Amino acid sequence: MTDIPSGLKDWAHLGGPAQVLAAVRQRAVNGAATESGTLRIELSADRRREVGLLLGKPWELSGQPVRLQTLANALAPHGMSVREFIEGLDGTELVNLRALRAEQRTAANLAAREESAAVRAVLAAAGIASHAIDIWMSDQGWPRPGSGELVTLAEQVATVWHELPPEGQPPIPLAQLAARVGDHNAHTLDSTKLLGRAAVRLIAAAHDLPRPTRGGRVWRQAWASAGVKCDWVSSRVLVLDLPPAGDSPAARWCAAAPGEPLWLTLRSLPTQWALTSTAPTVFVCENVTVVEAAADRLGTACPPMVCTDGYPANAALDVIGGLAEAGCTFRIRADFDTEGLTIAEQIHSIAHGAQGWRYDCETYARHLHLDPCPDGDSGDTFAQLRRLYQHHKIAVHEESILDDLLSDLNGEA
């Protein structure tokens, strides 16, 4: 770096020169010239006088802006340019950040293209059709190409693909496949794992099936198309007085035990739902206490009920989705708390058009003696309720309004 005379260093630390040099630094960062051009800065009289100590009295009195050529001419007798002067003061090189960022973007784009090509090569070598690779590559759920993470994921997916059972062979359990490809970890291909989602979405794309977003019917259908059988018995749902028709285990059990709460597994559910009567209104709740009390109070007279028992498992979502496809309408509810609101919204996303079952601002406010809409709130019922709950943050569980719920069920009966 250039050795700066002490007199110039003292000048550079004055207010006016410091303002000038800061403007030059900014020009350098933006890629503009440091030896020519005009600085668009406003200098007070005192600061202009300070700058004039180097640029001269004529410049100070002229009222002209600071021209970098003038500054360069003043520094030339000291054997340095404007850039060399500033770099000597700071001890660091002035960097054109705009150009640097452009170079970095170019390098990142090149790395992304190279990794995308590598990913396609990995998947094509595994025997995957190009249209399925295109669909998979367009998915927004994967790491962005360029970091190396995407090709690593593709290699893992290709490993899963090679372990799929040949066509015509008996299906294998998903957990067994996961243990093979995941160092004996039977949960490697769960829906909560990136590899599980990546593998099943590629399978779905290859078989022209809907894109699985979570564990459920679409998820199981995709795996089944590749000869992989998902767990059908660990996920369960509590029901009361459902009216499924047909010869599925769920239909037989519901017919054999009217008025009795039943736990159903995915394995027991029908693949296509049919009903023994006109599509009824189904009441959905979160807590098993509500179903048990309804069975005690109403028995076989109770309208159909589904209980999620907390966050809905795949079995609960399948039952609700199947009943919705069969034409049932829904009254849904959960606890008045953050988890309950999420549960209700999740159910509503499957049972389109479902209405709240005493799951509204009025019910919440009445039990807490609150103003239901203190700000004159408007919008859909669940959004109103979420805002009201977030304002007060006082939980009200279903058991607190159990008498009201049973009264509704009795009225429906």
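Which residue just after α12 takes a positive phi? The residue is Gly-227, with a phi of about 80°. The model is predicted, so local features need pLDDT of at least 70, side-chain atom pairs count only at pLDDT 80 or more, and totals for chains, interfaces and linings use all residues. Residues are numbered from 1 along each chain as its sequence is written, and side-chain values use heavy atoms, without hydrogens and water.

Helix α12 spans residues 217-225. Helices (H or I, at least four residues) and strands (E, at least two) are DSSP runs, numbered from the N terminus. Trp-219, Arg-220, Ala-222 and Trp-223 of α12 are buried. Buried means under 20% relative accessible area, exposed over 50%, and partly exposed in between, with a 1.4 Å probe and protein chains only. Seen down the axis of α12, the buried residues fall within an arc of 160°, so they line one face of the helix. The arc is that of the directions from the helix axis to the C-beta atoms. The cover over these residues includes α9 (149-163), α10 (174-181), α11 (194-206), β2 (228-229) and α15 (314-325).

Ala-226 lies in the loop between α12 and β2. This residue counts as buried because its relative accessibility is 11%. Beyond its neighbours within four places in sequence, Ala-226 is in contact (heavy atoms within 4.5 Å) with Leu-164, Pro-165 and Ile-203. Pro-165 is 61 residues apart from Ala-226 along the chain, and their C-alpha atoms are separated by 7.4 Å.

An open sheet is formed by six strands in the order β4-β3-β6-β5-β7-β8, with mixed pairing. β4 (262-265) and β8 (355-356) stand at the edges with a single partner strand each, so one side of each has no neighbour in the sheet. Two strands pair if DSSP finds at least two bridges between them. Strands β5 (residues 281-285) and β7 (residues 329-332) run parallel and are joined by four bridges. Val-284 has Ile-332 in β7 as its bridge partner.

Helices α14 (residues 288-298) and α19 (residues 402-412) pack at an angle of about 50°, and their axes are 10 Å apart. Axes are lines fitted to C-alpha atoms, for helices over the stretch in contact, and angles run from 0 to 180 degrees between N-to-C directions. The two helices, α14 and α19, are therefore oblique to each other. Angles under 35 degrees count as roughly parallel, over 145 as roughly antiparallel, 65 to 115 as roughly perpendicular and the rest as oblique. Residues of α14 that meet α19 include Thr-289, Val-290 and Ala-293.
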